[in-house]
Amino acid sequence: MRGPYSKYAAPPIYVYPDTPKRGVRFSRSELVQLLVLALSASFTIVYARYNLSLVAQSPGLFLALTFPASLLAVGTGVGLHEIMHKVVAQRYGYWAEFRYNLRGLLMAFVFAAAIGFLYGAPGATWISGAVTREQNGRISAAGPLSNVLVAGLFFAAFLGLAGTGSGPLGFVTNILWIVASVNAFLAGFNMLPIMPLDGAKVWAWNKGAYGSIALVSIVLIALPYLLPVL
């Protein structure tokens, strides 16, 4: 809908949410930008800093061991997180697409290579429409909730296979541990009540929902340290 004609300025464009439609819709550019290979390489750099002997002895073996774990960790921790924001926003009838942040990706590489810690903002899901506070809170909560669910499932699978020894099963348990740990950390980090993180929007919408997600995130983050005690 366009406003009245004016000689002095372009007419405003008012955007209203469409009727919610089933399914998730992706644009071609969005699908390209959702590729997580660049950020996965950042994780590989992090692991390389703590496994320099293995890298020196067999770089190919190191990549074969760490890259699948990195790809799965980032695909679930970042990719699925952003897709869930998109899914909920589109269910409300809003336009929603992921866009990467080149500076954020570069920052991830720099921090990973320099200090062995992954920090950066690789991108975000952009949403357009007259979003209410409740809708914004639900859309924001969807991302950390996906991280919590993935972390819980992968930790459960890890516990089920723990103690099976080395070999193929040992490799699988290592991947399960990495994916669970990354998702737990991302859930906790995103639930910090600081803008523009998801936690600030969830807090503004519903304090109870915020407390529940934050508490579970903290438990999952602490789980690796509690396991030896339990």
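**The core and its helices**

Author: In this predicted model, the largest nonpolar core has 28 residues, and Phe154, Phe155, Val179, Val202 and Leu220 have the most contacts inside it. A nonpolar core is a set of buried Ala, Val, Leu, Ile, Met, Phe, Trp, Tyr and Cys residues joined through side-chain atoms within 4.5 Å. Buried means under 20% relative accessible area, exposed over 50%, and partly exposed in between, with a 1.4 Å probe and protein chains only.

Reader: Which helices each supply at least two residues of this core?
Author: Those are α4 (59-91), α6 (133-161), α7 (168-190) and α9 (207-226). The largest share, 9 residues, comes from α7. Helices (H or I, at least four residues) and strands (E, at least two) are DSSP runs, numbered from the N terminus.

Reader: And what does Leu220 touch?
Author: Leaving out residues up to four places away in sequence, Leu220 touches Val148, Ala151, Gly152, Phe155 and Ala184. Contact here means heavy atoms within 4.5 Å.

Reader: OK, how do α6 and α9 pack?
Author: Their axes are 10 Å apart, at an angle of about 35 degrees. Axes are lines fitted to C-alpha atoms, for helices over the stretch in contact, and angles run from 0 to 180 degrees between N-to-C directions.

Reader: Which residues meet there?
Author: From α6, they include Val148 and Phe155, and from α9, Leu220 and Leu223 are among them. By class, this contact has 11 nonpolar, 2 polar and no charged residues. Ala, Val, Leu, Ile, Met, Phe, Trp, Tyr, Cys and Pro count as nonpolar, Asp, Glu, Lys and Arg as charged, and the others, Gly among them, as polar.

Reader: New topic: is Tyr94 buried or exposed?
Author: Tyr94 counts as buried because its relative accessibility is 4%. Tyr94 sits in the loop between α4 and β1 (95-100). Tyr94 and Ser128 are 34 residues apart in sequence, and their C-alpha atoms are 6.1 Å apart in space.

Reader: How many helices and strands are there?
Author: The protein has 9 helices and 2 strands.

Reader: Where is confidence lowest?
Author: In helix α2 (residues 37-49), with a mean pLDDT of 64, while helix α8 (residues 198-205) is highest at 95. The protein averages 78. pLDDT is the predictor's confidence in each residue, from 0 to 100.

Technical notes:
Residues numbered from 1 in each chain as written. Predicted model: local features only at pLDDT ≥ 70, side-chain atom pairs only at ≥ 80, totals over all residues. Heavy atoms only, no water.
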